[in-house]
Amino acid sequence: HALIFTAVSTDLAFRDHVVVDDPPERPLHGPPRRRLRVPRDGLSPDPLQALSSGSRDGDGADATSDGGAAIEMPPLALTTQMLQCFLFGIYAYCLEMWTLLIPNAAGFTLGFVWSTIYPFKAASDGLRSQWRVQYGVSMLLILIGSVTVRRFPYISSTIAAGVGVIMCTYPLPSMRRAYGERNSNLMGSAAMNLCMFSTCLAWVIHSSPAVEYDVFVLVSNAAGVIVQGSALVLRVVVARRNARGSQSRGENAQLILSGDKESTASLL
């Protein structure tokens with residue numbers, strides 16, 4: 001579960017936008033035309049935003065200091081992965097459960113790396129504030145698990161199991177906003193949603209009465225199946241909503257790119 005999720009945790013929204021390849025042409029008179037950032041979904045930003053100055057891209061996402069697009073996904077998926085994998089890892093090490101230790105060691109390593117990088121790539125101060133709280137709580141629980149694992153190893157495993165429910169359902173707090181803003185990146189990447197849906201479904205089957213019944217594993221992963229499945233459906237809905245508006249907004253973008261001053265003036 002942890003190993004498969006870490007394989008796609010690096011697939012974050014670092015490249016939400018691409019810059020139009022054609023270099024800006026310098027008109028005979030006046031300043032050079034501004035280059036327009038166009039979202040990857042083919043939709044143009046609002047003309048006023050496209051023409052305004054500032055450090056924000058057309059869809060409202062801040063650009064990072066290194067010029068790349070910022071991460072719009074909240075940090076919950078990364079911080080919970082780091083925490084859960086560490087607690088399960090030390091639990092497995094204490095009980096010499098090597099098949100559990102290896103994937104969780106990989107999961108903790110990548111989760112720690114991406115959680116640490118996150119504030120430098122976050123799209124807003126609000127996301128960085130969420131990260132500070134979640135990172136701090138994670139470090140506190142990691143300390144508690146490390147201190148108690150020798151005498152009470154089930155404290156670590158119990159906390160990890162509870163955190164796992166949050167990790168499986170991480171898109172839930174962002175789904176309403178993702179629909180309203182037509183921005184699927186708020187739920188992470190499609191690969192993350194698909195991977196979590198698949199692993200949760202596998203655990204639901206494994207923990208069912210037909211295989212090896214475990215009510216907690218069954219319920220927690222069933223929640224993951226519902227939320228991640230809903231996130232995948234929501235991605236399709238958002239894509240269709242964006243497609244319906246792409247033609248008219250695409251025409252607006254072409255007007256700006258062509259530098260047609262009269263058409264742009266009438267548009268604004």
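**Figure 1. Exposure of aspartate 125 in the predicted model.** Aspartate 125 counts as exposed, at 55% relative accessibility. The model is predicted. The partner of aspartate 125 in a salt bridge is arginine 128. Their closest N and O atoms are 2.9 Å apart. Arginine 128 is partly exposed, with a relative accessible area of 21%. Both residues belong to helix H5 (residues 125-148). They sit 3 residues apart, about one turn of the helix.

**Figure 2. Salt bridge between glutamate 181 and arginine 177**. The two side chains meet with an N to O distance of 2.9 Å. Helix H7 (residues 172-181) holds both partners. Because glutamate 181 and arginine 177 are 4 residues apart in H7, about one helical turn separates them. Glutamate 181 is partly exposed, at 44% relative accessibility. Arginine 177 is also partly exposed, with a relative accessible area of 46%. A search of the whole structure finds 2 salt bridges.

**Figure 3. Packing of helices H3 and H4**. H3 spans residues 76-94 and H4 spans residues 98-121. Their axes lie 7 Å apart, at an angle of about 150°. The angle is over 145 degrees, so the two helices count as roughly antiparallel. H3 passes H4 in a left-handed crossing.

**Figure 4. Residues in the contact of H3 with H4**. From H3, the contributors include Leu78, Met82, Cys85, Phe86, Phe88, Ala92 and Tyr93. Gln81, Gln84 and Gly89 are also among the H3 residues in the contact. From H4, they include Trp98, Leu100, Leu101, Phe108, Leu110, Phe112, Trp114 and Tyr118. Asn104, Gly107, Gly111 and Ser115 are also among the H4 residues. By class, the contact has 16 nonpolar and 8 polar residues. No charged residues take part.

**Figure 5. Positive phi at glutamate 96**. Glutamate 96 is found in the loop between H3 and H4. Its phi is near 55°, a positive value in a residue other than glycine. Glutamate 96 counts as exposed, because its relative accessibility is 55% and the cut-off is over 50%.

**Figure 6. Positive phi at arginine 182**. Arginine 182 lies in the loop between H7 and helix H8 (190-206). The residue is not a glycine, yet its phi is positive, at about 55°. Arginine 182 is partly exposed, with a relative accessible area of 31%.

How values were computed: Residues are numbered from 1 along each chain as its sequence is written. This is a predicted model: local features need pLDDT of at least 70, side-chain atom pairs count only at pLDDT 80 or more; totals for chains, interfaces and linings use all residues. Side-chain values use heavy atoms; hydrogens and water are left out. A salt bridge is a side-chain nitrogen of Lys or Arg within 4 Å of a carboxyl oxygen of Asp or Glu. Buried means under 20% relative accessible area, exposed over 50%, partly exposed in between (1.4 Å probe, protein chains only). Axes are lines fitted to C-alpha atoms, for helices over the stretch in contact, and angles run from 0 to 180 degrees between N-to-C directions. Angles under 35 degrees count as roughly parallel, over 145 as roughly antiparallel, 65 to 115 as roughly perpendicular and the rest as oblique. A crossing is left-handed if the near helix is turned anticlockwise from the far one by less than a right angle, and right-handed if clockwise. Contact means heavy atoms within 4.5 Å. Ala, Val, Leu, Ile, Met, Phe, Trp, Tyr, Cys and Pro count as nonpolar, Asp, Glu, Lys and Arg as charged, and the others, Gly among them, as polar.
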